[in-house]
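Hi everyone, thanks for coming. I'll walk you through one structure today, so please have a look at it on the screen first.

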Amino acid sequence: MAQLVTPPAPAPALAPALPTARPHPITGAAAAQRGAWTCPACAAAHPLAVAREQLFVCPACDHHTRIGARQRIAQLADADSFDEWDADLAGGDRLQFTDTRPYRDRLREAQVRHQLPDALLSGAARIGGHPVGLAAFDFGFMGGSLSAAVGERLARAAERCAQAPVPFVCVTTSGGARMQEGVFSLLQMAKSVAALHTLADAHMPFISILADPTMGGSIASFAALGDVIVAEPRAMIGFTGARVITQVTHEELPPGFQTSEFHHARGLIDVVVDRRQLRQRVIGLLRVLAAPPGRAGTGAPAA
Amino acid sequence: MTAGSEGAREADRAWERIELSRHPERPYSLDLVARCLEDFTELHGDRQGGDDPAIVIGLARLGPRPVAVVANQKGRSLEERGRRNFGMAHPEGYRKAQRLFRLAGRLRLPVLSFIDIPGAYPGVAAEERGQAWAIAQTIEAQLTLPTPYVAVIVGEGGSGGALATLLADRVLVMEHAFLTVASPETAAAILFRDAGRKRQAAAALRLEAANLVEWGIADEVVPEPPGGAHRDWDGAATLLRPRLVHHLDELVAAGVDAARRRERYRRIDGFAAAPEATTRGH
């Protein structure tokens with residue numbers, strides 16, 4: 001597929017020889033070495049093989065554990081169908097930002113630790129045979145925050161889908177803006193929405209899948225603009241986090257506040273789907289949306 | 001001189017600018033609307049059951065030219081501040097803004113936006129009624145508006161709540177106004193786990209108006225009367241009005257379409273650490 005814009009030379013952040021990946025800090029992969037997986041919600045221990053088969057949803061309490069971008073893609077896409085886009089697109093520190101440490105160092109550390117260029121992976125994939133563009137956030141990477149590189153990957157992914165044309169599926173798990181990139185992070189909200197418009201022009205669907213958590217600038221831009229919005233059970237979703245709301249307003253939070261189910265009941269989310277049924281549900285949507293009558297030849301399932 | 005004291009001075013300077021933009025005597029959006037525009041009629045309500053006084057919409061003239069207006073409004077008296085919720089908008093405010101963008105498109109009116117908002121309201125009711133969705137849809141409404149659109153940040157430009165009425169063809173920023181990804185207090189709480197370090201956060205976020213122009217996010221800094229706009233409202237309006245006229249005239253003459261506006265925001269980069277890093281051709 002034609003590359004629309006060639007990125008500026010990335011910061012020399014992704015040196016070729018990255019140290020070996022450490023166990024994933026979120027999925028409890030540290031326990032993998034012991035062959036067991038412990039649910040972070042109910043502390044029940046399960047054999048790793050069982051946890052993996054259950055897509056890291058706890059068989060005891062149905063808690064949906066946060067998973068990384070690569071795992072998410074592996075769970076959703078057909079085997080070996082994912083072909084990553086913009087693998088070299090990373091970096092960005094226009095503010096030369098330093099808080100307690102230089103941002104540059106934090107970013108580099110996250111890249112090494114998570115073996116990712118930034119908090120979003122995107123690429124061409126097939127889901128149930130349907131060609132799609134697939135993007136997935138990684139919450140472990142600086143809270144899945146919306147950096148300039150993430151915004152650019154997202155925008156290019158949407159544009160490639162429009163050009164192909166194929167549906168765009170994005171799984172978001174993001175704390176919102178990345179403070180260290182200042183207004184450049186804020187403006188990614190505008191960039192992503194501008195790029196999504198190309199999909200509308202191409203009459204291609206955007207399926208927005210929300211996972212725990214999806215907050216701030218991410219839900220207040222691209223993630224809320226899915227033609228269909230799907231969410232995992234009990235994911236926390238909202239503009240302002242509960243802690244800040246309580247601090248600022250001293251309001252009492254209603255039960256289930258900002259969960260998927262809470263928003264679903266208020267008409268803001270179309271469907272709440274257990275992760276173990278998510279792939280089948282997406283395939284079902286793609287059967288309808290990828291090749292409707294009158295749009296023959298676009299996005300038809302592969303032979 | 002130690003680096004520490006230099007850093008502290010920089011933080012003090014950064015904080016002075018924030019205090020000027022929040023000065024209680026600073027002209028608010030409607031003070032500038034009254035001084036820059038004629039025949040202003042406020043329109044009320046989102047036509048979906050709500051009317052948020054934190055966002056004002058209306059119709060007016062800028063000289064001979066009819067315009068549609070959207071403005072954040074903080075409120076001056078204690079009563080008005082309460083009624084307008086200190087300018088912090090609820091979803092109904094954003095839906096009212098969407099109504100204004102639709103109206104402007106249908107009647108082919110250019111849009112003027114005045115931005116002065118600490119941030120979208122962080123409350124339970126706002127979340128229940130879809131604050132994030134309302135902001136996202138307002139961003140989209142701006143990026144499909146078919147008519148010329150000029151925005152001016154007149155005070156605080158706080159986060160996504162400001163972005164919802166900022167994405168114009170030309171963005172002006174008053175000398176002592178700012179745009180930020182999060183309020184310095186919030187940023188300090190996140191970055192330093194200490195909201196008290198707001199001065200340091202303000203300095204690190206580089207909130208000077210001139211930076212927005214250097215970074216291609218705003219087009220022009222509009223000067224204020226000596227000492228700041230709070231000292232001379234008429235003087236501030238006298239400096240602002242010709243710039244609104246100038247940019248609107250240019251946009252009308254050039255012909256505007258939403259695709260060009262989308263392209264403007266699509267091009268925001270933020271990668272290059274140094275200005276010499278440029279986009280290569282393909």
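This is a predicted model: local features need pLDDT of at least 70, side-chain atom pairs count only at pLDDT 80 or more; totals for chains, interfaces and linings use all residues.

**A walk through two chains**

Is T259(A) buried or exposed? Its relative accessibility is 13%, and because of that T259(A) counts as buried, the cut-off being under 20%. Leaving out residues up to four places away in sequence, T259(A) touches R234(A), A235(A) and M236(A).

Okay, on to the nonpolar core. The largest one has 167 residues, and the members that touch the most others are F168(A), L187(A), F114(B), M174(B), L179(B) and L244(B). Helix α5 of chain A, residues 182–201, gives the largest share of this core, with 11 residues. There's another core apart from it, made of seven residues, including C39(A), A51(A), C58(A) and I67(A).

Let's zoom in on F168(A). If we ignore its neighbours within four places in sequence, F168(A) is in contact with a whole list of residues, among them G133(A), L154(A), C161(A), L196(A), P205(A) and I207(A).

Now, how do the chains meet? On the chain B side, 52 residues are in contact with 69 residues of chain A.

What about polar partners? Between chain B and chain A there are 10 residue pairs in polar contact. Several elements of chain B supply at least two residues each to the side that touches chain A, including α5 (124–128), β7 (178–180) and α12 (258–266). Which one gives the most? That's α6(B), with eight residues. Sorted by class, that side of chain B has 29 nonpolar, 15 polar and eight charged residues.

Last topic: salt bridges. Over all chains the count comes to 42, and three of those are between chain B and chain A. In one of them, R266(A) meets E128(B), at 3.7 Å from N to O.

Within chain A, D86(A) pairs with R156(A), with the closest N and O atoms 3.2 Å apart. D86(A) lies in the loop between β3 (83–84) and α3 (103–114), while R156(A) is in helix α4 (residues 148–163), so this pair ties together parts that are 70 residues apart in sequence. D86(A) is buried at 7% relative accessible area, and R156(A) is buried too, at 3%.

Next, the side chains of E159(A) and R266(B) meet at 2.4 Å, N to O.

For a contrasting setting, look at E79(B) and R83(B), a salt bridge at 3.1 Å. They're four residues apart in helix α3 of chain B, residues 78–83, so about one helical turn separates them. E79(B) counts as exposed, at 53%, and R83(B) as partly exposed, at 43%.

Finally, shared partners link D86(A), E152(A), R156(A), E159(A), R160(A), K191(A) and R266(B) into one network of salt bridges.

Conventions:
Residues are numbered from 1 along each chain as its sequence is written. Chains are lettered from A and ligands numbered from 1 in the order in which they are written. Side-chain values use heavy atoms; hydrogens and water are left out. A nonpolar core is a set of buried Ala, Val, Leu, Ile, Met, Phe, Trp, Tyr and Cys residues joined through side-chain atoms within 4.5 Å. Buried means under 20% relative accessible area, exposed over 50%, partly exposed in between (1.4 Å probe, protein chains only). Contact means heavy atoms within 4.5 Å. A salt bridge is a side-chain nitrogen of Lys or Arg within 4 Å of a carboxyl oxygen of Asp or Glu. A polar contact is a pair of N or O atoms within 3.5 Å; within protein, one must be able to donate a hydrogen and the other to accept it, and residues adjacent in sequence count only if both atoms are side-chain atoms. Ala, Val, Leu, Ile, Met, Phe, Trp, Tyr, Cys and Pro count as nonpolar, Asp, Glu, Lys and Arg as charged, and the others, Gly among them, as polar.
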